[in-house]
Amino acid sequence: MESKDILQETELEKKHHEFLENNTDFEMRSLDSVCFNESELKHPWWYNLKYAAVGLLFGIVFVKAEIISWFRIQEMFRLQSSHMYGVIGSAVVVGLISVLIIKKFKIKTIYGEPIEFVDKKFNKGQIYGGLLFGLGWAITGACPGPLFAQIGSGATAVIVTLLSAIAGTWVYGKVRDRIPH
């Protein structure tokens, strides 16, 4: 790569970083942005098949590891087993190591776009949201990740939880401009 191309790439990364730094979480939500690192590249529909394959593999792993088991989730909330804490803890460690590697080596997406991590401001709504999420998880025995794996493994009652999650997301979208962030 020529030095001119490298210079242009560095300038683009600086502009991208400045944009992310100057647009807080609330401001980004008001722009209806999907995420900070959303790709601006356009791809044919079949490019999304890789996500379906990863999702299928993810679901199989969830079923085999008993992560979708209502009984395992109840054991966790009753402090009767460390199985789920081990799964969650190992996911946190893998995520932490992955982020450190991405930051240290400035890894880009498979399409060559930079990956940015921007500090988010803390607000008390995160505490309320976390408590509400945990309460819903304890009552239903499901968090959003394994819902489809639970349904796919035959726990059809979870369809009610899925529909409730969709309804809750829709309601939030309707009232988010009127609630404090």
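Thr161 sits in helix 8 (residues 158–175); helices here are DSSP runs of H or I of at least four residues, numbered from the N terminus. Thr161 is buried, its relative accessible area being 18%, where buried means under 20%, exposed over 50% and partly exposed in between (1.4 Å probe, protein chains only). Beyond its neighbours within four places in sequence, Thr161 is in contact with Thr140, Ala142 and Leu147, a contact being heavy atoms within 4.5 Å.

The model is a predicted one, so local features need pLDDT of at least 70 and side-chain atom pairs count only at pLDDT 80 or more, while totals for chains, interfaces and linings use all residues. Residues are numbered from 1 along each chain as its sequence is written, and side-chain values use heavy atoms, with hydrogens and water left out.

Confidence is expressed as pLDDT (the predictor's confidence in each residue, from 0 to 100). The protein has a mean pLDDT of 82, with 79% of its residues at 70 or more. Helix 5 has the highest confidence, at 95, and helix 2 (residues 25–30) the lowest, at a mean of 50. Over residues 28–34 the pLDDT is below 50, and this stretch has nine contacts in the model beyond near neighbours in sequence.

Helix 5 (residues 83–105) is also where Ile101 is found. Ile101 is partly exposed, at 38% relative accessibility.

The geometry of helix 3 (residues 49–64) can be checked by its length. Its 16 residues should span 22 Å at 1.5 Å a residue, and the end C-alpha atoms are 23 Å apart, which agrees; the expected span is 1.5 Å times one less than the number of residues. After helix 3 comes Glu66, with a positive phi near 65°.

Glu66 also takes part in a salt bridge with Arg72 (2.8 Å, N to O), a salt bridge being a side-chain nitrogen of Lys or Arg within 4 Å of a carboxyl oxygen of Asp or Glu. The count of salt bridges comes to two. Arg72 also pairs with Glu75, with the closest N and O atoms 3.4 Å apart, and both lie in helix 4 (residues 70–77), three residues apart, about one turn of the helix. Through shared partners, Glu66, Arg72 and Glu75 form one network.

Methods
Helices (H or I, at least four residues) and strands (E, at least two) are DSSP runs, numbered from the N terminus.
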